[in-house]
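The tour below goes stop by stop.

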Amino acid sequence: KSLERARLRAENKEYQENLKNLVEQRTRELTEKNVALKSLNRRLEQIVEITKLLSLCNNLNQFSEMLLNQLAYQMNAEGGSFYLIEKNQLRLVAAIDSGHAQKTIPLPLNEKSIFQEVINSKKPILIRDEKQLSGFHASGWEGYTNSSVLVFPMTNESGKTKALITLHSKTQPPFIEQD
């Protein structure tokens, strides 16, 4: 009987140790998730404030420049552009880094271009490493400080893509899904 009790005590001690380790691990995971949620909440609060400021803009140039700069600030991007989609071209309305974005890009675009994919899908594209693109043509610009890129569509009420916003050169790459 005493051997049985000793075995049960040892099993109980091992079980308690495993349980303690599991609780510590879950506590660490919850703490990490809580930190991430607080960060996301701060970013969402900032977006609400930005939205209020954007509603006060009087014209497209002012709106696009403010939106582009605020997005770049929120996502730690050093470069980006805002293109308006017109009948025969994409027209640059605002840019953070001069010399990067072409003033106009003729339409139609190459079907394998990132811009065309965003226009067609009406969904943002996150590229962690432009050098490892598969299925798309890279822009070819040599001035990126890193190869992480985000491209967002702006759609109208009927769902048609009317503008594109690009962000690149994140200070701590790459861009992530949260961006």
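**Stop 1: a salt-bridge network**

Select E11 and R7: they form a salt bridge, with the closest N and O atoms 2.2 Å apart. Keep in mind that this is a predicted model. Both residues sit in helix α1, four residues apart, so about one helical turn separates them. E11 is partly exposed, at 41% relative accessible area. R7 is partly exposed too, at 38%.

E4 and R7 lie three residues apart in α1, which spans residues 2-54. E4 has a relative accessible area of 40%, so it counts as partly exposed.

**Stop 2: further along the helix numbering**

Select R26 and E29. Their side chains form a salt bridge of 3.6 Å, N to O. Both belong to helix α1, three residues apart, about one turn. R26 is partly exposed at 46% relative accessibility. E29 is partly exposed at 32%. Salt bridges with shared partners link E4, R7 and E11 into one network. The model's salt bridges come to five.

**Stop 3: helix α3**

Select residues 114-121, helix α3. Which of its residues are buried? They are I114, F115, Q116, V118 and I119.

Finish on K122, which follows α3. Check its backbone: phi is positive, near 60 degrees.

Methods:
Residues numbered from 1 in each chain as written. Predicted model: local features only at pLDDT ≥ 70, side-chain atom pairs only at ≥ 80, totals over all residues. Heavy atoms only, no water. Buried < 20%, exposed > 50% of the residue type's maximum accessible area, 1.4 Å probe, protein only. Helix = DSSP H or I, 4+ residues; strand = E, 2+ residues; numbered from the N terminus. Salt bridge = Lys/Arg side-chain N within 4 Å of Asp/Glu carboxyl O.
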